[in-house]
Amino acid sequence: MTEWTSTLTLAGCDENWVQNLANLLAGNNWSDNLKSIVKKLANGERLSISDGHILYSHQNLHEIGQLANMVKLARFGKNVFFNSNVHINQTNICVLACKFCAFRRSKKQSDAYELSIDDYLGEMEKYSDVIDEVHSVGGLHPDWDIDFYEDLIMAAKNKYPNISIKALTAVEIKHLSNQSSTSFVETLSRLKRAGLDSLPGGGAEILNDQVREIICNGKESSAEYLEIHRMAHSLGIPSNSTMLFGTIENIDDRLNHMDKLRNLADEYGLFQCFVPYPFLPDSTRLPEAQLATSNEILRTIAVSRLMLDSIPHIKAYRMNIGDEIAELALNYGADDVDGTVRQESIMHLAGAKSSLNYDIYQMAKLVSDAGYVPVKRNTTYTQFSSVKLEPPKRTKRLKMIQ
Ligand code: SF4
């Protein structure tokens, strides 16, 4: 097994990726309307929003995928990353009611739940031998404040110091700040001191306040999402970023969303991964949603890779898009495929059918079947180890019946 390390900002990316890319792009016969984009990429220039529109409307999806994949290869070679993780949602009780959300419950509903600190540690214990990250997001509980979360994170960190805690989306940080009358920076500092390692990217949805008013009224504004992540980065807390697409947004909204994220990533370089995922409609309240086709999912992943020059990793979020599209996405610019995900409920309540509770060899097979080299990473992309495929199990061949 080969092991290596990287820094938080490089996150495993080859420092010479722009030169690598120029070499890879040379000599290919690109369509005329992509030539100016290819030239910019080869020179390390940022693509404009108009370039993004060309990428979205270009008929040959395969060519966009090929271009995005070259950026991925220039940055990471044939490596594709995953981690060993579990999702634990501390409560589904939420004071908001976002229209796309199949997870939240009011306190009075019979299937509402709230985990005590002991319950939470019990959930971690089930998987503590086989994970190195716990991913925790949940509803905005009307009674929980920062003291509760400090105690929760501290207890988890004391019991499992080697398990990384990636927890609390921007709207949860805002909620805790409101509950405890603390500023965003104070809330984040206290959580960091308690043991919080990183923030997930959830809650970004689409960074257009008019769209947000319709699909997630009452959630943090676009500016607040960016400010909370900016504050986290200023404190040295790395984070992911996301985009929910296929609701009521248009292409321009998606491209502006990417533009806002890459501009913030320029400041501290601590948006490590971008996770674009399509809206899943089961048990939600958004009949006007356009829904994204498989082609659109692949195109959005490819466009993300090409637009987001300051965010190193693009994730094929298999929890949401399933293993089959996730494997394809690895040839459309994605370099990360989430993790073993021992348990998950938010996406599955909305209709996801993806498999859970993989071991690292199942993940390695998924990556290897797509033609890439499986690499297990830690949460913050600073430690890596190659994973060998398990030898195929010997099975007796059945005799043909004559
Ligand atoms: S998406 Fe989050 S904030 Fe919105 S209703 Fe669901 S749990 Fe609550």
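**Entry 1: H4 and H12.** I began with a crossing: H4 passes H12 in a left-handed sense. Left-handed means that the near helix is turned anticlockwise from the far one by less than a right angle, and right-handed means clockwise. Before going on, I noted that this is a predicted model, where local features need pLDDT of at least 70, side-chain atom pairs count only at pLDDT 80 or more, and totals for chains, interfaces and linings use all residues. Residues are numbered from 1 along each chain as its sequence is written. Helices (H or I, at least four residues) and strands (E, at least two) are DSSP runs, numbered from the N terminus.

I then looked up the geometry. The axes of H4 (residues 61-76) and H12 (residues 294-307) come within 9 Å and cross at roughly 40°. Axes are lines fitted to C-alpha atoms, for helices over the stretch in contact, and angles run from 0 to 180 degrees between N-to-C directions. The two helices are therefore oblique to each other. Under 35 degrees counts as roughly parallel, over 145 as roughly antiparallel, 65 to 115 as roughly perpendicular, and the rest as oblique.

Which residues of H4 and H12 make the contact? H4 gives Leu61, Ile64, Gly65, Leu67, Ala68, Val71 and Lys72. H12 gives Asn295, Leu298, Arg299, Ala302, Arg305 and Leu306. Contact here means C-beta atoms, placed from the backbone, within 7 Å. By class, I find 8 nonpolar, 2 polar and 3 charged residues in the contact of H4 with H12. Ala, Val, Leu, Ile, Met, Phe, Trp, Tyr, Cys and Pro count as nonpolar, Asp, Glu, Lys and Arg as charged, and the others, Gly among them, as polar.

**Entry 2: H10 and its partners.** I took H8 (residues 184-194) with H10 (residues 222-234). They pack at about 45°, axes 9 Å apart. That makes H8 oblique to H10. The crossing of H8 past H10 is right-handed. On the H8 side I see Phe184, Val185 and Leu188; they meet Glu227, Ile228, Met231 and Ala232 in H10. The contact of H8 with H10 holds 6 nonpolar residues, no polar ones and 1 charged.

Next came H7 (residues 170-180), which packs on H10 at about 85° with the axes 9 Å apart. H7 and H10 are therefore roughly perpendicular to each other. Ala170, Ile173 and Lys174 of H7 make the contact with Glu224, Tyr225, Ile228 and His229 of H10.

**Entry 3: the sheets.** I traced an open sheet of 3 strands in the order S3-S4-S5, with parallel pairing. S3 (85-87) and S5 (164-167) are the edge strands, each pairing on one side only. Strands pair if DSSP finds at least two bridges between them. S4 (residues 133-136) joins S5 over 4 bridges, and His135 stands opposite Lys166 in S5.

I also traced S6-S7-S8, an open sheet of 3 strands with parallel pairing. S6 is joined to S7 (residues 271-278) by 7 bridges. Ser239 stands opposite Phe271 in S7.

**Entry 4: the ligand.** What surrounds the ligand? I list Cys94, Leu96, Ala97, Cys98, Cys101, Phe103, Arg104, Gly139, Leu140, Val171, Cys216 and Lys219. The criterion is a C-beta atom, placed from the backbone, within 6 Å of the molecule. This shell has 9 nonpolar, 1 polar and 2 charged residues.

Methods
Contact = placed C-beta atoms within 7 Å.
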